[in-house]
Amino acid sequence: MTTSGGADDRVLFEVDADERIATITLNNAAQRNSYDAAMRDEIARCLDRVADDDDLTVVILRGADDVFSTGADMNNAYGWYGSGDAAPGRRPSQRRRLAVDRKSFGFYHNLMGFPKVTVGEINGYALGGGFEMALMADISVIGRDTRIGMPATRFLGPALGSLHMFFHRLGPVLARRMLLTGDIIEAGDVEHLGVFTETCGGGAVTARARYWAEKAAKMPADGVVIAKEAFRLVEQSQAYQGEEVASYLFHAYGTNLQFAPGEFNFVKTRAQHGTKEAFRLRDAHFHVDEPDVE
């Protein structure tokens with residue numbers, strides 16, 4: 001088995017040549033494996049290595065310390081757009097948002113259409129972009145107590161992420177519930193819907209993901225690639241028409257929201273109180289007591 005890491009070891013890459021399996025590990029445990037643009041680009045480079053290696057059939061996507069990923073690093077919320085042509089303290093232009101988001105969502109589109117088998121080893125948290133990656137995996141094993149959702153919709157609006165994919169994988173009722181409320185739920189709550197390949201106890205996730213990876217790796221490699229392209233063609237024709245443009249377009253517009261009095265502005269709150277307190281205030285703002293009914 002060979003092992004390598006990115007420039008700062010926040011993304012680890014391993015190859016088990018005997019089993020034809022590669023493993024990509026998000027290794028930013030101190031931040032619950034959230035990622036910035038540099039980490040995302042390193043993941044993309046690792047995926048390209050797998051795609052280009054004729055001797056690899058499967059890639060496992062996982063996170064260090066039993067946490068998959070809490071998505072994009074919100075400590076640098078609008079920093080994803082860089083300075084561009086904006087003066088200090090000013091929002092990035094809409095044209096810059098569109099250019100950056102088009103590149104960002106290219107990563108997710110490439111993952112969704114990846115030519116090798118992707119196996120998600122999902123534990124702890126799968127939020128935001130981490131939730132999207134979990135849903136995009138061909139085979140996904142998730143712990144019942146794993147927290148899943150798109151919490152960023154609470155401060156950037158419900159038109160975030162790959163909307164076509166949410167409706168296709170989650171179904172329209174659950175997709176609307178999660179996107180319109182920003183609710184974070186446990187994977188066990190939707191086990192009956194078959195959203196993930198297998199839902200199990202958290203301690204079994206790693207072994208079960210490896211089991212599925214080894215099963216898929218025994219398939220004819222050329223057959224797998226042909227099948228993946230066929231699957232992609234069917235999904236594009238049935239479920240994802242227009243998705244490639246819609247995802248980055250709505251995200252770019254959504255990150256330029258104007259907040260009315262009384263609405264929660266995460267970026268402004270974070271600047272005033274710090275990230276940790278901003279998350280606490282966000283959750284307090286959106287909390288609604290459920291009615292006590294028989």
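Mentor: Let us begin with a term we shall need: contact means that heavy atoms lie within 4.5 Å. Please keep in mind that this is a predicted model.

Trainee: What lies across strand 6 and strand 8, and at about what angle does it run to strand 6?

Mentor: Helix 3 lies across both of these strands, and its direction makes an angle of about 100° with strand 6.

Trainee: What makes strand 6 and strand 9 the edge strands?

Mentor: The three strands form an open sheet in the order 6-8-9, with mixed pairing, and strand 6 (125-127) and strand 9 each pair on one side only.

Trainee: How do you know that strand 8 and strand 9 pair?

Mentor: Two strands pair if at least two bridges are found between them, and strand 8 (residues 147-149) is joined to strand 9 by three bridges, the two strands running antiparallel; therefore they count as a pair. Within this pairing, Ile-148 stands opposite Ile-185 of strand 9, and Ile-148 is also among the residues with the most contacts inside the largest nonpolar core, which has 55 residues.

Trainee: Which residues does Leu-47 touch, leaving aside those up to four places away in sequence?

Mentor: Leu-47, another of the residues with the most contacts in that core, touches Ile-24, Val-59, Leu-61, Phe-107, Leu-111 and Phe-114.

Trainee: Why is the link between Lys-228 and Asp-138 called a salt bridge?

Mentor: The cut-off is 4 Å between a side-chain nitrogen of Lys or Arg and a carboxyl oxygen of Asp or Glu, and here the distance from N to O is 2.8 Å, so the pair qualifies. Lys-228 lies in helix 8 (residues 221-238), whereas Asp-138 lies in the loop between helix 3 (129-136) and strand 7 (139-143), so the pair ties together parts that are 90 residues apart in sequence.

Trainee: Are Lys-228 and Asp-138 buried or exposed, or something in between?

Mentor: Buried means under 20% relative accessible area, and Lys-228 has 8%, so this residue is buried.

Terms used: Residues numbered from 1 in each chain as written. Predicted model: local features only at pLDDT ≥ 70, side-chain atom pairs only at ≥ 80, totals over all residues. Heavy atoms only, no water. Core = buried A, V, L, I, M, F, W, Y, C linked by side-chain atoms within 4.5 Å. Buried < 20%, exposed > 50% of the residue type's maximum accessible area, 1.4 Å probe, protein only. Helix = DSSP H or I, 4+ residues; strand = E, 2+ residues; numbered from the N terminus. Axes fitted to C-alpha atoms, helices over the stretch in contact; angles between N-to-C directions.
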